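Subject: Structure handover

Hello,

My notes on it follow below the model.

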Amino acid sequence: MSLPPLRTLYFEDLEIGMSESLKKTVRSDDVVGFAEVSGDRNPIHLSEHFAARTPFRTRIAHGLYTASLISALLGTRLPGPGAIYLSQTLNFKAPVKIDDELTVTITVAELVERGRKARLACLAMVGETVVLEGEAVVKVPARDTSGGVA
């Protein structure tokens, strides 16, 4: 995964319908690393032998690994640095397997001036299959008229 450079958008820059996406091929090393960081060592993620006996028949990525890519977009691109994550809903629709190419997209769905909050629709897909959907709410910094962040 190669994210574009950091971009900060202030509340005043946001418009309903703005979106940002990233593509990421899920590698075995990513899943193993996520297991180490999160402590979730469920063998469905780590053991091909174990996973072969599950309905998925192969190893799958952690659901929160997929969700973490939403966080990557929120913190780097839309709205970017300075955004404060307030809440997230997640609905897992289908498994993500090793070597699947994920496309994660976030879209501004609502802007609330009081508290400078943005509600973003979140979608993750493998090909044409929705694997995760939900929404995030973030507090967005305001542009200070003196040129800084308010």
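A residue is called buried here if its relative accessible area is under 20%, exposed if that area is over 50%, and partly exposed in between. By that cut-off, 37% of the 150 residues of the protein are buried. Please keep in mind that this is a predicted model.

Overall layout

The protein has 4 helices and 5 strands. Along the sequence they come in the order β-α-α-α-α-β-β-β-β. The C-alpha trace spans about 60 × 25 × 25 Å along its principal axes. Taking contacts between residues at least 6 apart in sequence, 65% join residues at least 24 apart.

The accessible surface amounts to about 8100 Å², and carbon and sulfur atoms account for 52% of that. As for charge, there are 17 positive and 18 negative side chains, with the centres of the two sets 3 Å apart.

In soluble globular proteins, nonpolar side chains tend to be buried together. The largest nonpolar core in this model has 32 residues, and the members that touch the most others are L102, I106 and L120. At least two residues of this core come from each of α1 (28-38), α4 (63-76), β3 (101-112), β4 (117-126) and β5 (129-139). Helix α4 gives the largest share, with 7 residues.

Which residues does L120 touch, leaving aside those up to four places away in sequence? The list is L74, L78, I106, T107, V108, A109, G134, E135, A136 and V138.

Aromatic pair

A search of the whole structure turns up 1 aromatic pair. It is formed by F34 and Y65, whose ring centres are 5.8 Å apart; the planes stand at 80°, so the pair counts as edge-to-face. F34 belongs to helix α1 and Y65 to helix α4, and the two are 31 residues apart, so the pair links distant parts of the chain. Is Y65 buried or exposed? Its relative accessible area is 6%, so Y65 is buried, the cut-off being under 20%.

Backbone points to check by eye

- The peptide bond between L78 and P79 is cis, with omega about 5°. P79 sits in the loop between α4 and β2 (84-92), and L78 is on the list of residues that L120 touches.
- R57 is a residue other than glycine with a positive phi, near 65°. R57 lies in the loop between α3 (48-51) and α4. With a relative accessible area of 66%, R57 is exposed, because the cut-off for that class is over 50%.
- D99, also a residue other than glycine, has a positive phi near 75°. D99 is in the loop between β2 and β3.

One more residue

P43 is in helix α2 (residues 43-46). The relative accessible area of P43 is 32%, so P43 falls in the partly exposed class. P43 and V104 are 61 residues apart along the chain, and their C-alpha atoms are separated by 25 Å.

Regards

Technical notes. Residues are numbered from 1 along each chain as its sequence is written. This is a predicted model: local features need pLDDT of at least 70, side-chain atom pairs count only at pLDDT 80 or more; totals for chains, interfaces and linings use all residues. Side-chain values use heavy atoms; hydrogens and water are left out. A nonpolar core is a set of buried Ala, Val, Leu, Ile, Met, Phe, Trp, Tyr and Cys residues joined through side-chain atoms within 4.5 Å. Buried means under 20% relative accessible area, exposed over 50%, partly exposed in between (1.4 Å probe, protein chains only). Contact means heavy atoms within 4.5 Å. Accessible areas come from the Shrake-Rupley method with a 1.4 Å probe; for residues, only the protein chains shown count as cover. Lys and Arg count as positive and Asp and Glu as negative; His and the chain ends are not counted. The place of a charge is taken as NZ of Lys, CZ of Arg, CG of Asp or CD of Glu. Rings of Phe, Tyr and Trp (its six-membered ring) pair if their centres lie within 6.5 Å; planes under 30 degrees apart count as stacked, over 60 as edge-to-face and the rest as tilted.
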